[in-house]
Amino acid sequence: MQNKGAIRIVAIIFALVCLYQLSFTYFSKRVEGHAKEYATNAYAKNLAKKLANGDALREQELLDSISTARENYYLDSVSDKTAYNFLFMRSFTYRECKAREINLGLDLKGGMNVMMEVSTIDVVRNLATNPSDPNLTKLIDKATAIQKETGKNFILCFKEVIDKESATSKIDLSAFFRVKLKEKGINANSSNSDVLAAIDRECTDSYDRTFQVLSKRIDKFGVSQPTIRKLAATERILIELPGIKDPQRVSRLLEGTAQLEFWQGGSAAKVLPSLIEADKWLAQVNTGKDIDTVNVNDDLVNKETETSTANIAKNEIRKDTGIAATNPLFSKLKPNQGNMHSCVVGVAAVQDKEDVDLMLKKASKTLPSDVMFLWGAKPLKGTNQYELYVLNYTNKAKTALLDGDVISDAKDDFRQTGEPVVTMVMKDEAARKWAKVTGSNVGNPIAIVLDSVVYSAPVVNGEITGGRSEISGTFTIDETKDLANILKSGKLTAPATIVQESIVGPSLGAESIHSGMMSFIVAFLLVFAYMIFFYNMAGIAACIALLVNLFFLFGVLASIGAVLTLPGIAGIVLTMGMAIDANVIIYERIKEELLAGKNLVSAITDGYKAAYSAIIDGNVTTLITGIVLAYFGSGPVQGFAITLCIGILTSLFCGIFISRLVFEYMLSRKKFSQHITFYNRLTKNFLQNPKINFVGGHKTQYIITSVMVLIALSSIVFKGLDYGVDFAGGRTYVIRFDQDVNPMAIRESLQHQFTDAPEVKTFGPNYQVKVTTKYKVNEDSEAVKAEVIKKLHDGTKQFFKYKDITIKEFESTLKSPLGIISSEIVGPTMADDIKRSAVIAVVISLILIFIYIGLRFRKWQYGLAGLASLTFDALMTIGLFSLFSGILPFSLEVSQDFVAAVLTVIGYSINDTVIVFDRVRENVRLNPKHNFGKVMNNAMNQTLSRTFNTLGSTLLVLLIVFIFGGEVLRGFMFALLMGIASGAFSSLFVACPIAYSLITRTKKEKLKIENK
């Protein structure tokens, strides 16, 4: 072995680096172990027992809370203390060790994954002098339609529309934007390209500022190891927050734009007569009467006293069975009948807010033109009722008394009564304006509005100087902290909405770790047993190389800060199969050399040399699809791709070099060299020199494979696929019960809660179901999310046998394993993008592999045959998913995981084809005058043993993950199992026959095949 010393040095250095990187994980876990001991010591138990007063359930709840608080306190107190002294040269704190440890993904740790989209369209509208200009609206709508169809950047789509419209009519963009872009150099003489460039810069700046603001909010939120990344090509931001216990709180934190405004409060007494007229008008419309008969005029607003106005309201709101028809507005909105000087006009239940908004908009002509209506930020204490405020427009522009980025500092605080509040300090210019505003509104309420909801509306008692103000309400401490965080971080310059959200509960995360580790250990042991059984002493060398491979793999993952996910563990298990594949290729070549009469040393040397090209070609094709998947995938799928790519590289290094170093060591020791064997009595002649005439039956093979493709396509076309929310959009919730349940019974119960009956399927064991609904999927507000969870709770609570589960317990598995253990929300726009990316990723992978094989083997026929084989594998995998969907007792949803499986199949199954083609190329070089049919038959027969062993070892590890990996991975592993089995079949019966037909097609006479 040449350069043996250099390779040994590289391996040792690499091992030391990996050991150094993995050491941080050990020391951070050691500190966390001490924290858990501190959290659950006798003091915590005694305190919980004392506070519970004999209530066992209460005692456990208190112990959990106390333990969590004590654990966090311990970790905070030691975060800046030395936890690791590296060779006494440098010390690392716990915080530094934590930042360098192997990160667990959300599916293992529990937490929240959010994809946020920055609304470039709103940025463009806000830059316009008149955002509602019909001509501009027309252009924006056309650009939006193109963006939805193509998935391109909105500005590129907008430019495309401008160029197209300019060809038929004159479009002057400066007329729309020159006022607000004046400081950017835009004037009446600016060209469209100059205006578009300025808009593009503003949109990019807005995207960057949004990213910075969100980063600040997350940093101040105090999440351990958060991830926030720009996805600039799609104008999106990916946020991963492990260990989150209150997802609703996070959503509020992320989506708040921090648009702070101060408005003059209106008068309920003055506006209530107009609301009464609006109610009458709506009743007339509902009964189909001529609306012109209703005499409505802003000047006729009743100016009666507070008492008489209240009496009118009481008379109008008759609580009889016909109230919704006769009083449509007041059937939803209960007017204020107390303090009529207040700016609160009434209250409505959370589910009625949207209806009230629609009715007020519909009856806007009956209402004063100088007011607007906004809801309160929180429901009244102990109810689900929200207050509706009336606010006055005080200028023609209909803008607030004070708005903009006015806050220099904000913090959560307490009043002397102990009530949590948020105190604010304004910037100097804003402070002067605030003094003027408060001085001119003494005796009037000033509403503090944040993101279009009213937080409080205190009455001004006198001029307020110094720029200090306060936001109060029925806040919790966490809410004041989050509100202060939002205000202090600054406002978002563009709205950012959640287009995809995935939540994994802590109980499911713990189960995923257990199932992932179980599958990994069992697969690892079985691979060891398989290799030692089949290759005897040489199998031990392969096992040593595999151990080193896994050590290197985890070391690299730690060094690059990669996140280990459940699909990532599946990727590691698949890497084990691929690492064994390299050893199988080498060992089969060595066996051939030994059976040809060479001595052990020569056989090992020549076997390694002959196997290099096949190993490299096979791994490069898989690496291509891994890179494509890493680029187009996200979340756990991307974790799988990264792990797979790293595993391919470490497998190459260990399979080629480490195993060779092990053999070199054995050969240098007499006690080992005498026992080196590559087979045993049972495996010595396994598939040696078979005489199967593969090519002779290629026409029959065409017929069989054509029938298989026809069956798969028929199922895909006529039966279809079970699309998950990734592709169809919607909301998915996995709910765990305390007994086995019937999904049809749950579906019938939920049908009464939702407008359309949701889809309900058993997910894993019979006590878990997956509920999928498209109910209000276009709306991502917290109110809608809470509404959906309430409907799910109301529709499923009767199916819990032993526990009367509350809605708080139902939506979080923090203290109980029952209820919603995971959820996912995918908006329609995101679903379209995922589908588009999936198709692009598959097509790009196929094209790249076709090009690589064509160039590597210097014949396009090989590339086309390989492409046909991969297309067959992809169709078989998709077709089997369609065929068995609803038949097999586990979910076969088409999701991002499924696309990852198809791409992995494409990259991995080509290995068999490459091995055969590599042997054909070698045989042609050795015997250039031989019949090509005989050459190909020999190549297929010579590699048959390798095909069997590789297929057997790979399917074995995948089957273990399929069985032990948990329900989350079952569909994913089924796709891999079917796809890789199909890959072995297609290599022999699709790729080789097509390559044979194409290569011999141009010859004058078909080569005859010797029948043996």
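**Exercise 1. Determine which strands helix H16 lies across, and at what angle it runs to S14.**

Solution. The model is predicted: local features need pLDDT of at least 70, side-chain atom pairs count only at pLDDT 80 or more, and totals for chains, interfaces and linings use all residues. Residues are numbered from 1 along each chain as its sequence is written, and side-chain values use heavy atoms, without hydrogens and water.

Step 1. Take helices (H or I, at least four residues) and strands (E, at least two) as DSSP runs numbered from the N terminus. H16 covers residues 428-439.

Step 2. Look for contacts (heavy atoms within 4.5 Å). H16 lies across S14 and S17.

Step 3. H16 runs at about 110 degrees to S14.

**Exercise 2. Work out the order and the pairing of the sheet that holds S14 and S17.**

Solution. Step 1. Count two strands as paired if DSSP finds at least two bridges between them. S14 (residues 420-426) and S17 are joined by 4 bridges in the antiparallel sense; Met424 has Ser469 of S17 as its bridge partner.

Step 1. The order is S13-S14-S17, an open sheet of 3 strands with antiparallel pairing. S13 (407-414) and S17 (468-471) are the edge strands, each pairing on one side only.

Step 2. Direction ignored, neighbouring strands of this sheet are turned by 25 degrees against each other on average.

**Exercise 3. Find which residues of H16 are buried and which are exposed.**

Solution. Step 1. Ala430, Ala431, Trp434, Ala435, Val437 and Thr438 of H16 are buried.

Step 1. Take the arc from the directions between the helix axis and the C-beta atoms. The buried residues of H16 fall within an arc of 165 degrees, so they line one face of the helix.

Step 2. On the other side of H16, Asp428, Arg432 and Lys436 are exposed.

Step 3. The cover over the buried residues of H16 includes S7 (260-265), S12 (402-403), S14, S15 (446-450) and S17.

Conventions
Axes fitted to C-alpha atoms, helices over the stretch in contact; angles between N-to-C directions. Buried < 20%, exposed > 50% of the residue type's maximum accessible area, 1.4 Å probe, protein only.
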